[in-house]
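Have a look before reading on.

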Amino acid sequence: MGSVTKNKWLKYLFLKRYPPLAPYLPETRKMSPHSFWTLLGKYRHVIVKPVWGSRGRGVIQVSDLGNDNYAIHYERMETVKQGRENTYRYIKRIIRSAAYMVQQRITRPTINNRPFDMRVIVQRKKHSSRWVVTGKVIKVAGKGYVVSNNTRSHGQLLRFKPGIQHSSIGHLPIAALESQIDKVSLRSAKRLNALFPGHRIYGLDIATDPYGRVSIIEANLYPAMSHFLKLKDGVTYRRILSYKRSKYIHYRSKHIHYRSKYIHYR
Ligand SMILES: Nc1ncnc2c1ncn2[C@@H]1O[C@H](COP(=O)(O)OP(=O)(O)OP(=O)(O)O)[C@@H](O)[C@H]1O
Ligand SMILES: [Mg+2]
């Protein structure tokens with residue numbers, strides 16, 4: 001038995017059952033032939049992924065091509081199977097006995113024809129209840145991959161603004177998009193705080209569709225710092241670290257706050 005912190009299904013349920021966030025969570029069910037065919041029928045594309053997965057391992061995309069043909073995209077391989085039985089059997093051979101779930105696929109926008117999503121870091125300082133977005137990075141899937149995991153897919157990392165500007169959603173108003181992403185990410189952290197009191201950092205996997213509508217793919221409790229190192233974004237990296245190590249900063253900032261108020265009034 002693993003910990004709840006890494007259980008994608010339980011974290012999904014906890015967010016989905018919170019009405020203000022429910023519209024931002026793609027429909028997800030525990031994997032079974034029934035749930036799989038229901039969601040594939042409804043959305044035409046689904047993502048099948050392990051409940052205990054990490055780093056994009058075991059993630060499979062399935063698409064309904066019509067005429068009883070189904071495309072299965074796993075790692076860099078894309079196979080077309082005819083008939084439901086063949087299709088499910090093929091997926092089962094990848095899944096084996098692992099716990100899996102099936103999720104509505106978000107049609108992501110692209111950069112150089114590769115889909116991308118983002119990682120948003122949300123943190124609070126020790127003894128503070130104020131959640132802050134401290135980092136954001138665009139993850140572009142590597143050639144031939146569905147997953148945007150940088151190491152697995154040999155993908156690309158980009159800073160938020162230039163990334164969006166060079167993407168297929170570059171025409172959307174970027175400030176409105178960013179504020180929507182921040183709002184959904186902060187709301188997720190506040191909600192998860194009830195399940196993980198004392199936890200002070202979340203890494204949200206956020207995707208948008210071609211209209212800039214935001215979806216939460218996953219909430220990670222132990223987000224990697226490597227994204228910001230690889231990006232050579234020292235400012236963001238240090239901000240995240242300073243929040244992690246914020247033992248005395250709360251007191252000090254309060255002190256500075258009072259002092260600046262004092263100076264201001266004088
Ligand atoms: N519903 C979805 N729609 C579109 N893309 C998805 C969906 N679910 C997952 N993906 C893609 O697959 C990647 C991996 O999915 P997920 O984050 O759920 O698994 P993971 O193993 O935890 O990966 P990581 O450790 O990189 O976050 C996502 O970052 C995204 O690129
Ligand atoms: Mg993830």
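Q: How far apart are the centres of domain 1 and domain 2?
A: In this predicted model, the centres of domain 1 and domain 2 are 27 Å apart, going by C-alpha atoms. Domain 1 covers 27–104 and domain 2 covers 110–253.

Q: What makes residues of domain 1 and domain 2 count as being in contact?
A: Their C-beta atoms, placed from the backbone, have to lie within 7 Å. On that basis, six residues from domain 1 and eight residues from domain 2 take part. The side of domain 1 that touches domain 2 is made up of one nonpolar, three polar and two charged residues.

Q: Why can we say where ligand 1 lies relative to domain 1 and domain 2?
A: Both domains give residues to its shell, so ligand 1 lies between them.

Q: What makes a residue part of that shell, and how many are there?
A: The C-beta atom must lie within 6 Å of the ligand. 22 residues surround ligand 1, and the closest are Gly 53, Ile 106, Val 147, Ser 148 and Asn 149. Sorted by class, the shell holds eight nonpolar, six polar and eight charged residues. Strand E2 (45–50), strand E11 (201–208) and strand E12 (214–220) each supply at least two of the shell residues.

Q: What makes E2 and E6 a pair?
A: Pairing takes at least two bridges found by DSSP. Five bridges join E2 to strand E6 (residues 100–104), and the two run antiparallel, so they pass that test. Ile 47 stands opposite Gln 103 in E6.

Q: Which strands of the open sheet are called edge strands, and why?
A: The sheet has six strands in the order E1-E6-E2-E3-E4-E5, with antiparallel pairing. Strand E1 (28–30) and strand E5 (77–82) each pair on one side only, so they are the edges. From one strand to the next, the twist averages 25°.

Q: How many helices and strands does the protein chain have, and why call it compact?
A: There are nine helices and twelve strands. The radius of gyration is 20 Å, close to the 18 Å that the globule rule gives for 266 residues, so the chain is as compact as a globular protein of that length.

Methods. Residues are numbered from 1 along each chain as its sequence is written. Chains are lettered from A and ligands numbered from 1 in the order in which they are written. This is a predicted model: local features need pLDDT of at least 70, side-chain atom pairs count only at pLDDT 80 or more; totals for chains, interfaces and linings use all residues. Domain bounds come from an automatic or database domain assignment. Two residues are in contact if their C-beta atoms, placed from the backbone, lie within 7 Å. Ala, Val, Leu, Ile, Met, Phe, Trp, Tyr, Cys and Pro count as nonpolar, Asp, Glu, Lys and Arg as charged, and the others, Gly among them, as polar. Helices (H or I, at least four residues) and strands (E, at least two) are DSSP runs, numbered from the N terminus. Axes are lines fitted to C-alpha atoms, for helices over the stretch in contact, and angles run from 0 to 180 degrees between N-to-C directions. The radius of gyration is taken over C-alpha atoms; the globule rule is 2.2 Å times the number of residues to the power 0.38.
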